[in-house]
Amino acid sequence: MSLFNLAVLISGSGTNLQAVIDAVEGGIIPNARLVPVISDREGVFGLERAKKHNIDNMVINKNDTALLHNTLKSYNTDGIVLAGYLSILPPEIISTYDGKIINIHPALLPDFGGKGFYEIKVHQAVLASGEKVSGATAHLVDNGIDTGPVLVRGTVPVLPDDTAESLQKRVLEKEHIVLVRAVKALADGEVDSLKKNPLTLQ
């Protein structure tokens, strides 16, 4: 069986990357190979995670579209995971890998998505809205911001004494579960099925 070559793009500490690494190495996603890990900024801990697991890794500036495209091509990339990647992918990469790019978002899309909704700002907005439930969403990437088809959601309660930081921590734990399930679907060729019937994980 040929392995599914999965590129992971990051911008930070790489906890979602680690969840995917653990799932691949632990046999939850046995048919995936992680190559390469690409960061859009220097010095982030996610690169150290990749090095620890002997995964090819590099830094590519978000404006160097040609280098990013050529690098993905050189690794025979089958799919892409945006695991806390804060840059916007250029349209030519989205079109090349149409239906094969997954993003993880720390809210229940379509609510609290789009421009300006990232990192702690998402959770501040959820608390300000008075919502009682939040969570994480894995979705396919299109040319909008957080507008692609939803594949997997996972919910968490918003507690009366939550701060943005405590809610962020609870959602992050759910992100790992949601992302791994979506990546498994991508590697197993089940994305079209999830587009029609997205999963919700409690």
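**Exercise 1. The aromatic pair**

Determine whether Phe112 is buried or exposed in this predicted model, and classify the geometry of the aromatic pair to which Phe112 belongs.

*Solution.* Begin with accessibility: Phe112 has a relative accessible area of 17%, and because the cut-off for buried is under 20%, Phe112 is buried. A search of the whole structure finds one aromatic pair. The ring centres of Phe112 and Phe117 lie 6.3 Å apart and the ring planes stand at 75°, so the pair is edge-to-face, given that planes over 60 degrees apart are classed in that way.

**Exercise 2. A loop residue and its contacts**

Locate Leu108 relative to the secondary structure elements, and list what Leu108 contacts beyond its neighbours within four places in sequence.

*Solution.* Leu108 is found in the loop that runs between strand E5 (101-105) and helix H5 (120-129), and with a relative accessibility of 18% Leu108 counts as buried. Leaving aside neighbours within four places in sequence, the contacts of Leu108 are Val133, Ser134, Gly135, Ala136, Thr137, Arg153, Gly154 and Thr155. For one of these, Val133, the separation from Leu108 is 25 residues in sequence, while the C-alpha to C-alpha distance is 8.7 Å.

**Exercise 3. The two sides of helix H3**

Work out which residues of helix H3 (residues 65-74) are buried, how they are arranged around the axis, and what covers them.

*Solution.* The buried residues in H3 include Thr65, Leu68, Thr71 and Leu72. Because these residues cover an arc of only 135° around the axis, they are on the same side of H3. Lys73 and Ser74, on the other side of H3, are exposed. The cover over the buried residues includes strands E1 (4-10), E2 (32-39), E3 (57-59) and E4 (79-82), together with helix H4 (91-96). After the helix comes Asn76, which has a positive phi, near 50°.

**Exercise 4. The nonpolar cores**

Identify the residues of the largest nonpolar core that touch the most other members, and find the helix that gives the most to this core.

*Solution.* The largest nonpolar core has 45 residues, of which Leu6, Val8, Ile29, Leu34, Ile102 and Leu179 touch the most other members. Helix H6 (residues 164-188) gives the most to this core, with 10 residues. Apart from this core lies another, of 15 residues, among them Ile38, Ile80, Tyr85 and Ile93. As for Ile29, not counting residues up to four places away in sequence, this residue touches Ala23, Val24, Val180, Val183, Lys184 and Ala187.

Technical notes: Residues numbered from 1 in each chain as written. Predicted model: local features only at pLDDT ≥ 70, side-chain atom pairs only at ≥ 80, totals over all residues. Heavy atoms only, no water. Buried < 20%, exposed > 50% of the residue type's maximum accessible area, 1.4 Å probe, protein only. Helix = DSSP H or I, 4+ residues; strand = E, 2+ residues; numbered from the N terminus. Arc of directions from axis to C-beta. Contact = heavy atoms within 4.5 Å. Phe/Tyr/Trp six-rings, centres within 6.5 Å; stacked < 30°, edge-to-face > 60°. Core = buried A, V, L, I, M, F, W, Y, C linked by side-chain atoms within 4.5 Å.
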